[in-house]
Amino acid sequence: MVLAAARLFPGWRVRAKKERVRLVLFALAALLVFLVLLSIDKGAVEISLAQCVSIIARRFGLHLSWDFTAQQEATLIGIRLPRVLLALLVGAVLGVSGAAMQGLFRNPLADPSLIGLTHSGALAATMVVVIGDVVSFTLPPVLQLFAFPLAAFVGALIAALLLYRLATVAGQTVVATLLLAGIAINALAQAFSGFLTFYATDTQIRSLTFWKLGSLGGANWATLVTVAPLILAPIVLLPSLARALNALLLGESEAGHLGFDTERIKRRIVLLVALAVGACVAVTGLIGFVGLVVPHLLRLVVGPDHRALLPGSALLGACLLLAADLVARTLVAPAELPIGVLTAITGAPFFLWVLLRDRKWRAIH
Amino acid sequence: MTSLSPLLLMRAMTHKTKSKFIAFVSLISFSAVCLLVFNACQSTNDGTKTNQVSVTDAAGKGLAIKDSSRIVCVGTANTETVYALGAGARLVGVDNSSGEYLKESAALPKVGPRTALSAEGILSLKPTLVILNTDAAPPQIFDQLKTSGIPTLALPADYTIETVKTKVRTIARALGLEAKGEEISNSIDREISGVAELLKGAETKLKVLFVGRGPNMPNATMSGSGTTIDEMIRLAGGTNPMADFKGFREMTDEAVVAAQPEIILMTEKSFERSGGTNGVIKFPGVALTPAGKNRRIVAVSDMYFQGFGPGVGRAVRELALKFHPELNAAGKSEAINAANGERR
């Protein structure tokens, strides 16, 4: 009811809304903390919460009385903790970049994975795998860590710039063109991936399959440290563009009249999102639907104001991916489910439900 | 005096509390005895906790293994080797395809397909040794397992007879069963050289096309070079007409007709799936090849192509005899010779 009223009369009870936004963000933060703790505690290897505390305290030189085995310590520190942190970062950045893309294109379907950015990034990384093997250049180990994120970033960036060029006519983004161009780029990227797969060896295909399904299973401290700055930059910087995105909602020339340097802002957003997508694709493979669903859900609750939407999407994205990964690694233990499949399986029906509900709501009013 | 104090205590008790106290004391002592017996059993069970052994992995690095009593094994050929060494009881987990192709391991916990392993999942089975091939994924799994302190034996993922023998010997050494490993490795040698000897009697090298078809797959694929199948065909005295591409490709009629295979090789499962000989002949181009005209389709156990295992010698022999049935009589005397050699 409140939601409907707030939508019909923007400006109605502004203060109450502000408070509610604050409450929602606080609740999400609390949920995130809870999920982080739960994720650290739960896993295929049995480690009690007390033992977790004890293991982490030991790292800081504190000796607590709860005993643990070396095995539990190695599992928690070497495997589970980097994985939880990676899920946190990737989820947050997928959420926030989804929200920023939707804001930039003024279209709720502009999710990086739907309009081809993710697949373009994956294509570029695939090229590193397949062509790199054919040309047989071996990078030094330090560069090897960066080769994937860098290639994926370049791929996503090219796609994003191309898309923007194609879809923007005289400063106005044509929505239909945007979506169609996005779908075309997506198809093109997938076709090239398929072409490369055709020439890939058996071993390469295996690592490519692993990647296409998406997984956080490869998380370790080295990959985490490599991609953390690339992921943290968009998480921190995108919310600072919230006011500009709000202005862009009015239209580009209107935003320009309001004093925003729209071209610079657009460039910055595209760059940051490409960076985020590239880093994510490189370490986790294709994880879809988080960037699409999260901003939608949040918009239903907090409205279209990007000042709330962007940080909220980061929080909710992190929550969703943490929860999904928790299920992925505990449901069929000692094996695990591919997380990309899991997010799509839960995300798609939920998204459909939201769409149907929205349609009904529109039919009534 | 202190040792008497329980007795003094008992004297001071009423009848009811006394019986409770006796029950309590007996329970404690019973569990203590149980614990002792359990510990004793454990230490006697540690026959596998022999001296530390050192093996060389695929990267040529040494790996120290103290205890091989709980093994997680990834890769069908590796699992098959563990069983062949008689150490199947030490397995605590295998990958999905091991579970699918080796009936003995069907009931063991599965750690997933070898392309999507979970380090924590593997660790939850409390292994003391993990055996896998270098092509396992995610690639970080090796580091993850190593940092957790579990000896992780990464074996080469290429498929030649030399590699199989090295792998069998390495696994045997890791398990403290070197003699048995040597025996298996020697028997592979004997079988392979026996087949080579046998093939001297064959007049021609036949063109053998391998055709595979997954469950519910509309199209069949054929094997190029660089696969287990390609190597097996070569060892069994055939040639692979599709050797100019690597890995697997979808079957196309023109390529099949151009190749003119004399035999179509399949696994039993995909042969059945394809509807037997009549079904296979309907595959693209097959009807126009000598294999199709003469209805020469050879189907062998699926297990033979799951990476080379300890049974590779027998598999190659079976293939050779199926490719050249005329050698069968000679083959029997050869087998007798080989058996005699073994006895000597």
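How many residues does the contact take from chain A and from chain B? In this predicted model, chain A gives 22 residues to the contact and chain B gives 25 residues. The two chains bury about 2100 Å² between them, with 60% of it on carbon and sulfur atoms. Two salt bridges are counted between chain A and chain B. One of them joins Arg80(A) to Glu120(B), whose closest N and O atoms are 2.4 Å apart.

Within chain A, helix H4 (residues 70-104) packs against two helices described here, as the table sets out.

| Helix pair | Angle | Axes |
|---|---|---|
| H4(A) and H9(A) | roughly 20° | within 10 Å |
| H4(A) and H13(A) | about 70° | 7 Å apart |

Helix H9 of chain A spans residues 221-237. Angles under 35 degrees count as roughly parallel, and H4(A) and H9(A) are therefore roughly parallel to each other. Their crossing is left-handed. On the H4(A) side the meeting residues include Leu81(A), Leu85(A), Leu89(A) and Val93(A), while those in H9(A) include Trp221(A), Leu224(A) and Ile231(A). The residues of this contact comprise 18 nonpolar, one polar and no charged.

Helix H13 of chain A covers residues 290-302. Because angles of 65 to 115 degrees count as roughly perpendicular, H4(A) and H13(A) are described as roughly perpendicular to each other. Among the residues making the contact are Gly91(A), Gly95(A), Gly98(A) and Gln102(A) of H4(A), together with Val290(A), Pro295(A), His296(A) and Arg299(A) of H13(A). Here the division is six nonpolar, six polar and one charged.

Terms used
Residues are numbered from 1 along each chain as its sequence is written. Chains are lettered from A and ligands numbered from 1 in the order in which they are written. This is a predicted model: local features need pLDDT of at least 70, side-chain atom pairs count only at pLDDT 80 or more; totals for chains, interfaces and linings use all residues. Side-chain values use heavy atoms; hydrogens and water are left out. Axes are lines fitted to C-alpha atoms, for helices over the stretch in contact, and angles run from 0 to 180 degrees between N-to-C directions. Helices (H or I, at least four residues) and strands (E, at least two) are DSSP runs, numbered from the N terminus. Angles under 35 degrees count as roughly parallel, over 145 as roughly antiparallel, 65 to 115 as roughly perpendicular and the rest as oblique. A crossing is left-handed if the near helix is turned anticlockwise from the far one by less than a right angle, and right-handed if clockwise. Contact means heavy atoms within 4.5 Å. Ala, Val, Leu, Ile, Met, Phe, Trp, Tyr, Cys and Pro count as nonpolar, Asp, Glu, Lys and Arg as charged, and the others, Gly among them, as polar. Buried area is the accessible area (1.4 Å probe) that two parts lose on being put together, summed over both. A salt bridge is a side-chain nitrogen of Lys or Arg within 4 Å of a carboxyl oxygen of Asp or Glu.
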